[in-house]
Amino acid sequence: FAEDGSQLWLRFPAKNGISADQIIAKGNSTTLNIARKELSSHWQGQTVELRTDKSLKNLKDGYTIKSNQNKIVISAGKEIGLLYGVYHILRLQQTNVSTVNLNITEKPSYDVRILNHWDNLDGTIERGYAGHSLWKWEDLPNTISPRYQEYARANASIGINSVVLNNVNASPNMLREDYLRKVKVLADIFRPYGIKVYLSVNFSSPKVLRGTENSDPLNKNVQKWWKEKASEIYTLIPDFGGFLVKANSEGQPGPQDYGRTHADGANMMADVLKPYGGIVMWRAFVYSPSKDDRAKQAYLEFVPLDGKFRDNVIIQIKNGPVDFQPREAFNPLFGALRKTPEMVEFQITQEYLGQANHLVYLAPLFKETLESNTYSNGKGSTIAKITDGTLRPAKMTAISAVANIGEDTNWTGHHFAQANWYAFGRLAWNHELTSDQIADEWIKMTFTDNEKFVNPVKEMMLTSRETAVDYMMPLGLHHIFAGGHHYGPEPWGDYKGGRPDWSPVYYHQADKNGVGFDRTKTGSNAVSQYFPPLNEMYGNIETCPENLILWSHHVPWQYKMKDGKTLWEELCYKYDSGVHKVRDYQKLWDQMEPYIDRQRFDEVQSKLKIQSKDAVWWKDACLLYFQTFSKMPIPYDIERPV
Ligand code: GCU
């Protein structure tokens, strides 16, 4: 195997698999042939029969696996289910699980399991940390990189079935005919792997590309343009998935430019896609400079529109109401829309989590959101159940995440960032899997099944998100990143004359009395957007979970925390413990040298070194800065900032 990480988790045994007569399957579609090839190249167990069975249609992309000593039968309503079943047994084989006497039924949690690439047409990636874009727009449609297929295979192996190719800050050019021809080539490569292509679209496209007088969604010429564009797209790509739209957010154009609503804009697009079965994923990440709390804006804009959207529109909502912070309260819009389907947008690319330098395993963050109880329908109204159709029967269900993939040999920049791509796919398929199960599988597939490696490395992964929170923004602090690149700390950032809602000082509000953003009744009252009892719970400093206390309260420096320390001391100990945990990871990793290859060992070791230095940087910068307000001493038993 290449030890450069290019194989991802797909490191099946290099030896030959079973022979052709041990693979029983009718038909000759490309999808089935891929399944056959995977088996004949890698499967070393029983005879495998692949059966399409129309009665299993209700499993959607799912499948059943039944086996005895001699034979495995994989059945599915659709051929793609058979390919997923093949990857399932290969995963079992690779993680050393017996494949005898299997009786498995799998049905995905979500219909649309989608990666959002924030890739630009010039090859750069917004918040991309693994090199340039995988899509070589200049070379397409003629020159085809072999990585397109490898990418599709990797996604199929974990059940990802949809991709948005371009940045939400979309160039209108994406919809030009020459680019659509390039998109078609990718769609054709992805199709046999069960992957549909979607595009981010710029709301002003008709005006920019065709010169319509405006892009008002109620303008007949504008509607006609979109209708013709849809027809052009579907002629090239008959199974095109639909549009992702960022409108009236961060300066992007949108229906509000013409006095129309998000519903007017979304419905216009939904109508042109409807005849072809396409959907609109309309983003709720909307905010503009305002005196009010940015965290409240999505709720304020979207709740009044509930019920006004077409049934092929789904509202795509970031997990938190601010912006992919190390920890945020969940977005109060979840559950608040009762008649409109909602989907989560996670961020795999670690914009606010050390980018491609820090080892931060994100499954615990994803799970924290999915398992959050919104109380929209009483107890048990988790975000998972609101979005997967359990509590809100929906025509379609979906889950998305911003991809961390680039042209780097190892795809994601950091070897451990591959685990976040993997974890998103596995959770999109089955949101009940635990972070532990997913890490376990991934480590065994990617590195080794030697327990001396698996157990400590898994422990490191499982604690890594909390560790990052501790050394960056403990106790509910948020958005104190350096402006622009969002890599290091800049709690002192005060963009006077610029956008206050982009200034760190706006988010932490530190002064001589205390620190934290008051979102209670005495402040922005954002907590009132949560259903009871959460509004009360977050609103009361005594009941607010301590890991979010500075998210919703301005807390006095002397405030007594549950463990008896003052807030100031607690902050100091949290930062310090984050630093120590990263140093522990370094020591732990050093012990792992005997179990894996040199290249990946070295590369991870040097990334941990950066992470460790960065953790100290975060701690020193934040504590020294906040100390100018608290005027309290750094506790004697933690490392002095230098
Ligand atoms: C963040 C990110 C931007 C991105 C935006 C979005 O603000 O920093 O780069 O465009 O989110 O999700 O639209």
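The model is predicted: local features need pLDDT of at least 70, side-chain atom pairs count only at pLDDT 80 or more, and totals for chains, interfaces and linings use all residues. Residues are numbered from 1 along each chain as its sequence is written, and side-chain values use heavy atoms, with hydrogens and water left out.

Three domains are given by the domain assignment: domain 1 (20-106), domain 2 (112-432) and domain 3 (475-517 + 554-630), with bounds taken from an automatic or database assignment. Between domain 1 and domain 2, the C-alpha centres are 31 Å apart. Their contact (heavy atoms within 4.5 Å) involves 14 residues of domain 1 and 13 residues of domain 2.

Around the ligand stand 14 residues, of which E126, K246, R283, K318 and E351 come nearest; a residue counts as near if one of its heavy atoms lies within 4 Å. By class, this shell holds 8 charged, 4 nonpolar and 2 polar residues. In this classification Asp, Glu, Lys and Arg are charged, Ala, Val, Leu, Ile, Met, Phe, Trp, Tyr, Cys and Pro are nonpolar, and the others, Gly among them, are polar.

A side-chain N or O atom of E126 lies 2.3 Å from an oxygen atom of the ligand. For K246, a polar side-chain atom is found 2.6 Å from a ligand oxygen atom, and for R283 the corresponding distance is 2.6 Å. On its own the ligand has 320 Å² of accessible area (Shrake-Rupley method, 1.4 Å probe), and the protein covers 96% of this area.

Methods
A polar contact is a pair of N or O atoms within 3.5 Å; within protein, one must be able to donate a hydrogen and the other to accept it, and residues adjacent in sequence count only if both atoms are side-chain atoms.
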